[in-house]
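Let's take a walk through this structure together. Have a look at it first, and then we'll go through some of its side chains and helices.

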Amino acid sequence: MLRKLSCIIFVSYTLLFNSCKLEDDDKAKISIGFSQSVSNDNWRISMNHAMEVEAALHPEVKLTIYNANRQAKKQIDDIEKFIADKVDVIIVSPFESDSIIPVIEKANAIGIPVIIVDRKVNTSNYTAYLGADNVEVGRIAGRHIVSLSKGNANVIEIKGASYTSPGLERTMGFRQIIDQYPGVKVISIDAKKDELPKDVFVNILKNAPEINYVYAYNDVIAYQAWKAAKGENAKNKIKIIGVDGVNGPNGGIQLVKDRILEATVLYPTGGSEAIKLALKIANKEIVPKNNKLNTTLIDSLNADIMGNQFDKITIQQSDIEQQQA
Ligand code: FRU
């Protein structure tokens with residue numbers, strides 16, 4: 001008797017469970033695949049999180065994130081998987097601008113919409129691009145150094161990788177401004193894999209004329225430069241400007257508040273905007289090919305305000321997450 005009863009309970013439980021599962025699958029009418037390229041820094045973590053929060057607001061969305069961990073080949077394989085799974089929209093935050101061209105074009109050719117976020121790809125065969133203007137990012141940093149130094153300074157520029165569009169464009173914009181001021185002398189060095197070339201950097205600090213400013217490709221490198229300069233007892237003389245302005249502990253906004261960085265240039269991740277754009281595309285709305293995110297300078301004058309604004313958004317997001325849970 002007892003056996004029969006437990007059997008009935010088991011069968012009804014299985015039926016109940018399966019019917020819930022069916023309902024969930026049924027609700028997920030829009031499948032979005034996101035191929036992330038780099039996994040371990042604040043900026044990327046905050047991008048993924050923004051996507052997950054935005055996706056959670058739309059019960060009809062099923063978001064899958066694959067992480068390529070800086071491997072161009074893995075990113076191509078991840079996008080191939082999304083194609084094989086026939087997802088409704090693919091969002092790609094490219095690692096390199098060239099190697100993924102064929103797989104992006106493949107998705108596009110078979111009619112899967114592709115949204116490119118942040119780094120550009122050297123093809124126009126995709127549906128939409130979303131990101132801030134990296135040339136403008138470089139110009140903002142350049143103008144800030146010119147205005148603080150009144151056109152007379154020695155600067156170390158730590159450049160990002162040249163196989164990425166932000167790496168190239170942040171330098172280009174910076175040069176457009178700085179080159180107009182002969183009193184601003186720049187020594188450029190390359191950062192590989194988002195790492196400060198510490199020996200080269202320290203060597204310049206030791207041997208070059210007094211350095212007044214550092215312009216770093218991102219806040220991670222800017223912070224590394226601060227630590228290296230501190231070791232050389234040069235930290236108080238050098239003003240460091242980074243890029244990204246992520247909110248939260250160890251993010252660029254906090255580094256500005258702590259006076260570790262003189263300033264950072266906000267480079268929004270576009271996580272939630274990418275999901276919104278994917279939804280529009282999945283619902284057959286016409287969207288612009290180019291979707292620009294805003295950028296601005298964050299320094300000691302506005303770091304608190306910016307931080308508070310972002311904190312409010314984070315609180316709202318976690319309220320929403322709790323409600324969803
Ligand atoms: C993070 C990052 C950011 C930068 C972006 C550019 O992986 O290096 O710091 O703004 O990628 O692609």
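Which residue lies over the face of Tyr126? That's Lys289, at 4.5 Å from the ring centre. A charge counts as sitting over a ring if NZ of Lys or CZ of Arg is within 6 Å of the ring centre and within 35 degrees of the ring normal.

A quick word before we go on. This is a predicted model, where local features need pLDDT of at least 70 and side-chain atom pairs count only at pLDDT 80 or more, while totals for chains, interfaces and linings use all residues. Residues are numbered from 1 along each chain as its sequence is written, and side-chain values use heavy atoms, with hydrogens and water left out.

Now find Tyr267, where the charged end of Arg170 sits over the ring, 4.4 Å from its centre. Rings of Phe, Tyr and Trp (its six-membered ring) pair if their centres lie within 6.5 Å; planes under 30 degrees apart count as stacked, over 60 as edge-to-face and the rest as tilted. Its partner is Trp43, and the two are stacked, with 5.5 Å from centre to centre and 20° between the planes. This pair links distant parts of the chain: Trp43 is in helix H2 (residues 42-56), and Tyr267, 224 residues apart from it, is in the loop between strand S10 (263-266) and helix H10 (271-282). Helices (H or I, at least four residues) and strands (E, at least two) are DSSP runs, numbered from the N terminus. Both Trp43 and Tyr267 are buried, where buried means under 20% relative accessible area, exposed over 50%, and partly exposed in between (1.4 Å probe, protein chains only).

Another pair sits within helix H8 (residues 219-231), where Tyr223 and Trp226 are 3 residues apart, so about one helical turn separates them. Their ring centres are 6.0 Å apart and their planes are at 15°, which is why the pair is stacked. Tyr223 is partly exposed, because its relative accessible area is 26%, whereas Trp226, at 13%, is buried.

Thr171 counts as buried because its relative accessibility is 14%. Leaving aside neighbours within four places in sequence, Thr171 is in contact (heavy atoms within 4.5 Å) with Glu157 and Lys159. Thr171 and Ile158 are 13 residues apart in sequence, with 9.0 Å between their C-alpha atoms.
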